[in-house]
Structures are given as structure tokens and as C-alpha cells.
Amino acid sequence: MISRNAARFLIVAGVFNVVIWPRFAKAIVDDERAWAGPRWHSTPQPFFWVHAVLITTAIVIGVGVLVVGVRAHRSTSR
């Protein structure tokens, strides 16, 4: 069983990941290294794809951590 404080930590960590990584995604899209030419009108470069995979993975893990934290918090409050 996860303690109530640990559950709260997981919730905070999950929310942090869900909030921060999309902002980072915008920075990557705006970076000239992500594109072969004009943004969204040219071929995405490996820089873009590596960061897209990283960001997607981090968000999915963040959502998973958030779900575990919420479920653990609910189970400790009963």
C-alpha cells in the first residue's frame, strides 16, 4: 500500500509532467533545427522526431503516475 504522502507526491509529479512537457513541445516546434525549411511546411528533421518521442513518452508516463497517485490517494482516504 502507498502512504497518503507518497500518493500526494505521485499526484504532484504527474501534474508536473502533464503541464511542463507540452510547453517544451512548443519550444521544439518553434526551433529552427526541427524543420528542413519553414515551420510546418517542410520535412521534420530527426531533432523533431527524437523530441516528439521523448515528450510523448514523458506525458504518457506522467499520466500513468498521476492515475496511480489518484487511485492510491482515494484508497487511503477510505
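This is a predicted model: local features need pLDDT of at least 70, side-chain atom pairs count only at pLDDT 80 or more; totals for chains, interfaces and linings use all residues.

Visitor: Thanks. Back to Phe-16: where is that?
Guide: Phe-16 sits in helix 1, residues 4–30. Helices (H or I, at least four residues) and strands (E, at least two) are DSSP runs, numbered from the N terminus. Phe-16 is partly exposed because its relative accessibility is 49%; buried means under 20% relative accessible area, exposed over 50%, and partly exposed in between (1.4 Å probe, protein chains only).

Visitor: How many aromatic pairs are there?
Guide: Searching the whole structure gives 4 aromatic pairs. In Trp-21 and Phe-24 the ring centres are 5.4 Å apart and the planes stand at 85°, so this pair is edge-to-face. Rings of Phe, Tyr and Trp (its six-membered ring) pair if their centres lie within 6.5 Å; planes under 30 degrees apart count as stacked, over 60 as edge-to-face and the rest as tilted.

Visitor: How far apart are Trp-21 and Phe-24 in helix 1?
Guide: They are 3 residues apart, so about one helical turn separates Trp-21 from Phe-24. Phe-24 is partly exposed, at 32% relative accessible area.

Visitor: And which way do Trp-35 and Phe-48 pair up?
Guide: Trp-35 and Phe-48 are tilted, with 5.0 Å from centre to centre and 45° between the planes. This pair links distant parts of the chain, 13 residues apart: Trp-35 is in the loop between helix 1 and helix 2 (46–76), and Phe-48 is in helix 2.

Visitor: Are those two buried or exposed?
Guide: Trp-35 is buried at 7% relative accessible area, and Phe-48 is buried at 12%. Ring pairs also join Trp-35, Trp-40, Phe-48 and Trp-49 into a cluster.

Visitor: What about Trp-40, buried or exposed?
Guide: Trp-40 is exposed, with 57% relative accessible area. Trp-40 lies in the loop between helix 1 and helix 2, and its phi is near 65°, a positive value in a residue other than glycine.

Visitor: Let's go inside. Which residues form the largest nonpolar core?
Guide: That core has 7 residues: Ile-28, Val-29, Ala-34, Trp-35, Phe-47, Phe-48 and Ile-55. Helix 1 and helix 2 are the elements giving two or more residues to this core, and helix 2 gives the most, with 3 residues. A nonpolar core is a set of buried Ala, Val, Leu, Ile, Met, Phe, Trp, Tyr and Cys residues joined through side-chain atoms within 4.5 Å.

Visitor: What does Phe-48 touch, neighbours within four places in sequence aside?
Guide: With those neighbours set aside, Phe-48 is in contact (heavy atoms within 4.5 Å) with Ile-28, Val-29, Ala-34 and Trp-35.

Visitor: Switching topic: how many salt bridges are there?
Guide: The count is 3 salt bridges, each a side-chain nitrogen of Lys or Arg within 4 Å of a carboxyl oxygen of Asp or Glu. Lys-26, Asp-30 and Arg-39 are linked in a network. The closest N and O atoms are 2.6 Å apart between Asp-30 and Lys-26, and 2.5 Å apart between Arg-39 and Asp-30.

Visitor: And what does Arg-33 bridge to?
Guide: Arg-33 forms a salt bridge with Asp-31, with 2.7 Å between the closest N and O atoms. Arg-33 is exposed at 53% relative accessible area, whereas Asp-31 is buried at 17%.

Notes:
Residues are numbered from 1 along each chain as its sequence is written. Side-chain values use heavy atoms; hydrogens and water are left out.
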